[in-house]
Amino acid sequence: MKPVKSEIIDKADKVIARTYNRFPIVITKGRGCTLWDSDGRAYTDFVAGIAVCNLGHAHPRVTKALSKQAEILFHVSNLYYTVPQTELASWLVNNSFADKVFFCNSGAEANEAAIKLVRKYFNDKGEEGRCRIIAMEKSFHGRTMATLSATGQEKMRKGFEPVLNGFDFVPFNDIEALGSKIDRSTCAVLIEPIQGEGGVRCPAPEYLKGVRQICDETGTLLIFDEIQTGLGRTGKLFAYENFGIEPDVMTLAKALANGLPIGAMLTKEHIAEAFVPGSHASTFGGTPVVTAASLEVVKILIEENIIDYGRKIGEYFKQKLFRLKDRHESIIDVRGIGLLLAMKVKVDGDKVVKACMDKGFLINCIQGNILRFIPPLIIGKEEIDSLAACLDELFDRLD
Ligand SMILES: *Cc1c(COP(=O)(O)O)cnc(C)c1O
């Protein structure tokens, strides 16, 4: 039976904790870059589950890999070896700076693993006092207590104090501030190469190289949170490839299985050694069904040339946004890289999001007035043109 929208919404609001401000639509189906709601209305999806569904919805190859694995083996404990987990880890190691992978189920968990690892690394070296992590203002690293403590946004911590000890903050893009903050108590610098939730804030040229250099000079570990930027989002497999440097630790999640819950923490051999049996664990981490799907996802990214396509279409999209900015006073800034794009506006961002939704486009607003565009990497020219036309008309009215 077809779900009735108002009934679902009423029921949901009664029984689901109110941690989200939801738009009043019920999504029932997805295919490629299109989503449908319970009334049968179609939307072009420029949100992709917040940079998750990089291959679009219901990708037939992923569905097939998932179903095939589900028929063979869903889950066993990490007390045993499995083929899909091994193959995915191997793929990630072969295609990144890293030698070792720890699997978990979300971005926050991947960052938790990274935070525990860097502390343990220095503890093992007999440097117990070297336990503080420097993170960035306006960063976002997750909602668990440790990742919240590493998140440089006051509003998210409000009411949950005391947060964890051991985190210091400096402004993003300020190399001097970082240099003067690092001391003998610093074990790591934790940074998003491009700040996602903070407003799609890009690093200044050479900034990340400077961060790498300071870390090298002081023996501090560099953690890149690539949960949002990884897996092709920025036009490269990993965002660090855009900046000519490598981190010591990297966290992934969001797009890694195109919508199934997975997180991963990647690192170098000598750092990974700080984790031994008993140090850290996850019941579901790297479970066969999810890793089998994820392995297919990463294979598709390469085999179907998705990343190169995404980079090119991202440039096209960005040019379109710049042209809109030239035409409309309400648009203050256009920024981003690959298909992690944003437009800062002078008007209420949520109003723009709602107006777009009425016209059949899903877009996202962060920080009140920053419109974020993070479509599947397979988004078409025509779809971008249609959204641009919709925004053009909208801003004609808003200017
Ligand atoms: C989404 C996100 C997280 C948190 O991931 P969850 O899976 O929601 O825990 C952490 N860091 C960044 C940069 C993110 O974009």
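Mentor: Let us begin with Ser-38, which counts as buried because its relative accessibility is 3%, where buried means under 20% relative accessible area, exposed over 50% and partly exposed in between, with a 1.4 Å probe and protein chains only. Please keep in mind that this is a predicted model, in which local features need pLDDT of at least 70 and side-chain atom pairs count only at pLDDT 80 or more, while totals for chains, interfaces and linings use all residues. Residues are numbered from 1 along each chain as its sequence is written, and side-chain values use heavy atoms, with hydrogens and water left out.

Trainee: Where does Ser-38 lie, and which residues is Ser-38 in contact with, leaving aside its neighbours within four places in sequence?

Mentor: Ser-38 lies in the loop between β2 (34-37) and β3 (42-45), strands being DSSP runs of E with at least two residues and helices runs of H or I with at least four, numbered from the N terminus. With those sequence neighbours set aside, its contacts are Lys-2, Pro-3, Lys-5, Val-26 and Thr-28, contact meaning heavy atoms within 4.5 Å.

Trainee: How are two packed helices described?

Mentor: One gives the angle between their axes and the distance between the axes. Here, helix α4 (residues 83-94) packs with helix α11 (residues 288-303) at an angle of about 35°, their axes being 8 Å apart; axes are lines fitted to C-alpha atoms, for helices over the stretch in contact, and angles run from 0 to 180 degrees between N-to-C directions. Among the residues that make the contact are Leu-88 and Trp-91 of α4 and Leu-295 and Val-298 of α11.

Trainee: And how is a pair of aromatic rings described?

Mentor: Such a pair is described by the distance of the centres and the angle of the planes. A search of the whole structure finds eight aromatic pairs, where rings of Phe, Tyr and Trp (its six-membered ring) pair if their centres lie within 6.5 Å, and planes under 30 degrees apart count as stacked, over 60 as edge-to-face and the rest as tilted. Phe-97 and Tyr-240 form an edge-to-face pair, 5.7 Å centre to centre with 85° between the planes, and this pair links distant parts of the chain, 143 residues apart.

Trainee: Are Phe-97 and Tyr-240 buried or exposed?

Mentor: Both Phe-97 and Tyr-240 are buried. Ring pairs also link Phe-46, Phe-317, Phe-361 and Phe-373 into a cluster.
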